[in-house]
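These are my notebook entries on a structure that I opened for the first time. I set down what I looked up, entry by entry.

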Amino acid sequence: MSKWEDNVRKVVPYTPGEQPKIKNIIKLNTNENPYPPSPLVRETAIDMDDLKLYPDPAADLLVSAIAGYHGVDKNRVFVGVGSDDVLAMSFLAFFNSDKPILFPDVTYSFYDVWANLFRIPFTDLPLDDDFCIVPEDYERENGGVIFPNPNAPTGRKLELSKVRQIIEANRDVVVIVDEAYVDFGAESALPLTDEYDNLLVVRTFSKSRSMAGIRIGYAIGQEKLIKYLSDVKYSFNSYTMNRPSIVLGAASIKDDAYFKETIEKVVATRERTTKELEALGFKVLPSKANFVFASHDKKPAKEIFAAARERGIILRYFDKPRIDNFLRITIGTDEQMDEFIAFLKEFI
Ligand code: PMP
């Protein structure tokens with residue numbers, strides 16, 4: 001190693017799901033929505049001449065649209081480049097203690113990456129045997145708490161009363177609820193942000209709004225929390241949201257009918273797929289997300305993953321303790337799921 005390498009911040013990066021260049025694949029690996037964004041987004045013009053100018057650093061058009069949608073004041077909304085950006089900023093802003101932050105042992109695998117990047121100590125708390133979060137475990141000294149609801153990659157939801165229990169036990173630290181998948185069936189903690197000044201709820205346009213490619217995420221909390229978050233963001237990069245994202249994101253918010261219709265379709269396909277997988281001998285965790293987490297008692301997940309890939313069906317497999325015999329399967333269109341089930345019938 002060269003001497004200068006001693007001074008390098010060394011990190012083990014997050015591994016995102018594959019984004020294959022091959023055409024005609026069935027892509028069930030990164031929890032995107034199989035349906036396109038609202039037609040209103042397609043019809044919204046982008047003024048190309050405006051691209052010569054920096055965007056509004058406060059992304060007011062988008063922030064106002066989100067605030068209006070959720071019925072909160074504008075100063076309670078923070079936007080970022082995908083919820084990954086919002087979460088990274090939140091780790092930097094709020095998890096600034098020598099005590100470990102807490103999150104589940106099986107959860108979004110970016111949390112420990114950010115913790116390591118920012119040198120934040122952490123403790124991961126085991127989910128129970130049914131892969132549920134145990135609220136009582138979060139009643140210990142810590143430097144902050146974060147968990148997704150529904151959890152990923154399990155898809156399991158946590159009842160709002162239990163979310164409240166975790167917040168109640170942690171009034172001296174910031175609690176972040178990552179609601180990337182909440183629109184597909186869990187109860188949101190957003191109303192609790194009126195009550196608790198230490199609660200931050202993080203959302204994304206990537207899943208239920210079919211806009212993973214535009215990169216919009218947001219957080220809602222009380223004004224003081226959002227101000228602290230904005231101060232960190234403005235100390236890092238003022239112009240995170242580009243002009244097209246601001247305009248197209250605001251357009252998406254206007255089309256609530258399409259948003260609800262798309263969610264209903266994904267949920268119906270999820271329920272049907274779950275039954276079909278169970279009929280084929282899979283154990284499927286009850287999911288409230290746009291994916292299911294499933295394991296087969298006879299065929300190893302790794303083998304199914306590899307065979308599906310051969311057939312152009314891309315799933316997500318995590319070679320990690322507790323979950324290395326599970327597959328995370330994003331819910332696609334009915335036709336895509338039919339093809340996937342047909343493959344499984346043959347393979348299994
Ligand atoms: N949180 C969870 C739990 C996720 O699974 C994802 C998707 N990888 C994200 C946040 C980030 O999504 P995005 O940056 O696209 O908003």
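Entry 1, Asn290. I looked up Asn290 and found it in the loop between E9 and E10. The model is a predicted one. Is Asn290 buried or exposed? I noted a relative accessibility of 1%, so Asn290 counts as buried, the limit for that class being under 20%. I then listed its contacts, leaving aside neighbours within four places in sequence: Asn31, Glu32, Tyr181, Phe184, Lys207, Val266, Thr330 and Ile331. For Asn31 I also recorded a distance: its backbone oxygen lies 3.0 Å from a polar atom of the Asn290 side chain.

Entry 2, the sheet. I next followed the strands on either side of this loop. E9 and E10 run antiparallel and are joined by three bridges, and Phe282 stands opposite His296 in E10. I traced the open sheet of four strands in the order E9-E10-E13-E12, with antiparallel pairing. Why is one side of E9 and of E12 left without a neighbour in the sheet? Strand E9 (282–284) and strand E12 (316–317) stand at the edges and have a single partner strand each, so one side of each has no neighbour there.

I found 13 residues around the ligand, of which Ser83, Asp178, Tyr181, Thr204 and Ser206 come nearest. A polar side-chain atom of Thr204 lies 2.5 Å from an oxygen atom of the ligand. For Ser206, an N or O atom of the side chain is 2.6 Å from a ligand oxygen. For Tyr108, a side-chain N or O atom is 3.2 Å from a nitrogen atom of the ligand. On its own the ligand has 400 Å² of accessible area, and the protein covers 92% of this.

I located Pro150 in the loop between strand E5 (144–148) and helix H5 (160–168), and Pro153 in the loop between E5 and H5.

I then checked phi. Arg119 has a positive value near 60 degrees and sits in the loop between helix H4 (111–117) and strand E4 (122–125). Arg322 has a positive phi of about 75 degrees and lies in the loop between E12 and strand E13 (327–330). With 33% relative accessibility, Arg322 counts as partly exposed.

Notes
Residues numbered from 1 in each chain as written. Predicted model: local features only at pLDDT ≥ 70, side-chain atom pairs only at ≥ 80, totals over all residues. Heavy atoms only, no water. Pairing = 2+ DSSP bridges. Buried < 20%, exposed > 50% of the residue type's maximum accessible area, 1.4 Å probe, protein only. Polar contact = N/O pair within 3.5 Å; in protein donor to acceptor, adjacent residues only side chain to side chain. Contact = heavy atoms within 4.5 Å. Near = heavy atom within 4 Å. Areas by Shrake-Rupley, 256 points an atom, 1.4 Å probe, with all protein chains shown as cover.
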